[in-house]
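Please read the points below next to the coordinates. They are numbered so that a reply can refer to them one at a time.

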Amino acid sequence: LQSNGCCIGPGFTEENREPEEETIIKIAGNSYLVSPNLPDFHSCSPGWSSAFYGAECFDSEVHSYMKTLGKQKSSESQNIDAKKVELEQLLMMETKNYRKTIKFYQKLLQKERRSKGPETKSMLPKLRGQLEEMKSKVQFLELVMKYIMYAEQWGVESCVLPTVIHNGRTDTMDVAPTDELSLLLYYNTEKHQCNNQNGVRVLQAGTPLGLMAYLYSRNAFLEGYVQQFLYTFRYFCTQEEFLQFLLDRISSTLSSASLDPSTSLTKICNRSFYILQAWIEDCYSVDFATNTDLLCTLKEFISTKVAPLNGYGERLLSLLEDASARKSGSAHQCSSMDKCEEEGEEDRKTLRSLCKKLSEDVSRKASLRIFFLQNFNWKLSKGMGPIAQYQRERLRTISSVLPKPCYNSFTEEFPVSFGKADEVGPYLLIDYSAQQLCCQLTLLQQEVFHKCHPVHFLNSRALGVKDKCVAVQKAVSTEAVSLKVCNLFLSKCIQDQYLLQLLRNADSISTWVAAEIVTCHTSKLQVSLLSKFLLIAKCCYEQRNFATAMQILAGLENLIVRQLPAWKILPAKVAEIMEELKAVEVFLKSDSLCLMEGERFKTLPTIPSAHVLAMHVQQLETGGFTMTNGAHKWTKLRNIAKVVSQVHAFQENPYTYTPDFKVQSYLRQRITRFKDADISALAADNCANFHQIPAEKHSRKIQDTLRRMKATFQ
């Protein structure tokens, strides 16, 4: 399937900018801004791999490579600054070569498509192999850079953590001296895989203050703790409390921090900046974009207290502006949908007026149909012929039970096709192959999936998400008292509700599938659509688009759809796909990390089922979060962070199919048209949905009934 699209390869981002411009390079799931003004300003977000793999993220190869850096001769001593300078130079050279090779590959790809040189076909596979090697090398060097930044710099020993707390304390609570054991609870393990130490201490639980202080531990980044904390801290503290904790540490150490990296104050100050930057990079959309007060507090603090004393303040402000621009760009894209709906309504009125004038006789109807086919290239089945008059009347009857449709931005390019989707009906689905429809449905699903964040899947019970997707909309209107009982976040913690949008989108697709089938006017057409949807679902799960596959399965398992007579005449091979889909559903529900097994998820695009993932997280959230002494169970929070981290892992490898905007526009319109439809009302208006009894058999049954009734009176 991927050969049908413009596929450069997994992780090969297109580079169309000039060399002197700032360039975005995607490496290991993170986008890094390469700017000539800030050559040493690297991303601080550890990434999903840190939360998923933990200490195993940095393997023995990284440790071995670290020993070779910073010295030209075996007799020379290692120096962290020398390591960093050498690594930055290597990373800059490899990144530059990688970017140039991508541009060269794109030129060859275009040349091969234009058939202007058969020799390019033999060069492309070799060049692709080189790109894979260069990409792996850049990712490895970036991993080593993270190791230097996180392990070698700005971390303190665990015994210094009480000092971290007291340095930033501005209130009068808990003024008694505190030690590490009163803040954090550990358990000992055997020999660790990444070092030769025995009896490594692993964090088991801690107080909210202790868990925040552990961010400053020397091994916090290496263990994956920082990324896991950013995913899960809302269970035990609010965003305001976490921000205030960081700002207090910066305030108390910024003025007295020296240039000597060995002093505790300097380490605390710089680690605070690193954690703050990682928080902004990874969670801006779920924490700062939804809380203007939090964002204003941070900007004011940086502008007034950090920027005058430290150059890092300007970098943080620039980072906030970039994140805000990206978020506002997405918001502007969403707001344009409403404007397009109004334009679409005017287009529909114009089209209806035109149809009324041109539909006075049969000849004008035929002319209108020919006009549409010639100008918009709608692919209709050859044997379909003109739509019969009784079918047109039936469309009006069905429209009476459907909600008023609204359309999105994709229809801007095809204003006249608003009415055309209703005119063509389901025939366009039959005309296109299952693979073509699978590609376009996958791209539509990818749009909504790439806007979600791992945090969106936390605390879903408070949003009313239950074991059945149909309960989502009803649960939104429940009383506030029930929400407080289910809420696992702190009461003042603001939660983004994008998960509900994901689930409603899934429900809309399932309803659309069921509606398309029950509105077919013949059993033959129903069999064709059932076969097409089953083949699309099979194609989707084979391409690891499990979201759309499960949505189609839910539509096919609708109670009314399952009772249709068309199932009895469905080909046996096609009917077997239904059992395959059910087996896939059981597989997805069996293990929360089943899609992360092996290495396929690193190279193949994947879209998980949002509802199944939310249910897995809910299962992990079951039970208490605190121990008898009030400490929060970090082992439980770590497992939750590991499960939700797969969201970012899957977003790292997008699908690269070529979008067909006409097909996508048609699909969006049909989905929007049926998303709130009453399937039972639609099915009742169609005689093809009922088992037909032959007339002779029916009259014989009536005669037998009358004969039995007559016998009872004799």
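Predicted model: local features only at pLDDT ≥ 70, side-chain atom pairs only at ≥ 80, totals over all residues.

1. N459 counts as buried because its relative accessibility is 0%. The residue sits in the loop between α17 and α18 (471–476). Its phi is positive, about 55 degrees, although N459 is not a glycine.

2. R544 belongs to the loop between α21 and α22 (546–556). With a relative accessibility of 9%, R544 is classed as buried, since the limit for that class is under 20%.

3. Salt bridges come next. The whole structure contains eight of them. Side chains of opposite charge can pair when their charged atoms come close.

4. R234 and D287 form a salt bridge through their side chains, with 2.6 Å from N to O. R234 is in the loop between α8 (225–232) and α9 (239–254), while D287 is in helix α10, so the pair ties together parts that are 53 residues apart in sequence. How accessible is R234, buried or exposed? R234 is buried, at 1% relative accessibility. D287 is likewise buried, with a relative accessible area of 1%.

5. E447 and R668 make another salt bridge, in which the closest N and O atoms are 2.7 Å apart. This pair links distant parts of the chain, 221 residues apart: E447 is in helix α17 (residues 434–449) and R668 in helix α29 (residues 661–674). The two partners fall into separate accessibility classes. E447 is partly exposed at 32%, whereas R668 is buried at 14%.

6. K538 pairs with E542, and here the closest N and O atoms are 3.3 Å apart. Both residues lie in helix α21 (residues 523–542), four residues apart, which is about one turn of the helix. K538 is partly exposed, at 22% relative accessible area, and E542 is partly exposed as well, at 44%. Together with E580, K538 and E542 are linked in a network of salt bridges.

7. Which residues does F533 contact, leaving aside its neighbours within four places in sequence? They are L429, W512, V513, E516, I517, I552 and L556.

8. Cysteines: how many disulfides does a search of the whole structure find? The search finds zero. C493 is in no disulfide, and the nearest cysteine sulfur, that of C237, is 7.8 Å away; the cut-off for a disulfide is 2.5 Å. C493 is buried at 10% relative accessibility. C57 is also buried, with a relative accessible area of 12%.

9. At the surface, I702, L706, M709 and F713 form a nonpolar patch, and their accessible area together is about 460 Å². L706 is placed in helix α31 (residues 695–713). Its relative accessible area is 53%, so L706 is exposed; the class begins over 50%.

10. Last, the loop between α26 (610–621) and β5 (632–633) holds T626. T626 is partly exposed, with 37% relative accessibility. Leaving aside neighbours within four places in sequence, T626 is in contact with A631, H632 and K633. The C-alpha atoms of T626 and K636 are separated by 9.5 Å, and these residues are 10 apart along the chain.

Notes
Residues numbered from 1 in each chain as written. Heavy atoms only, no water. Patch = residues over 30% accessible without salt bridge, like charges linked within 9 Å, V, L, I, M, F, W, Y side chains within 5 Å. Areas by Shrake-Rupley, 256 points an atom, 1.4 Å probe, with all protein chains shown as cover. Salt bridge = Lys/Arg side-chain N within 4 Å of Asp/Glu carboxyl O. Helix = DSSP H or I, 4+ residues; strand = E, 2+ residues; numbered from the N terminus. Buried < 20%, exposed > 50% of the residue type's maximum accessible area, 1.4 Å probe, protein only. Contact = heavy atoms within 4.5 Å.
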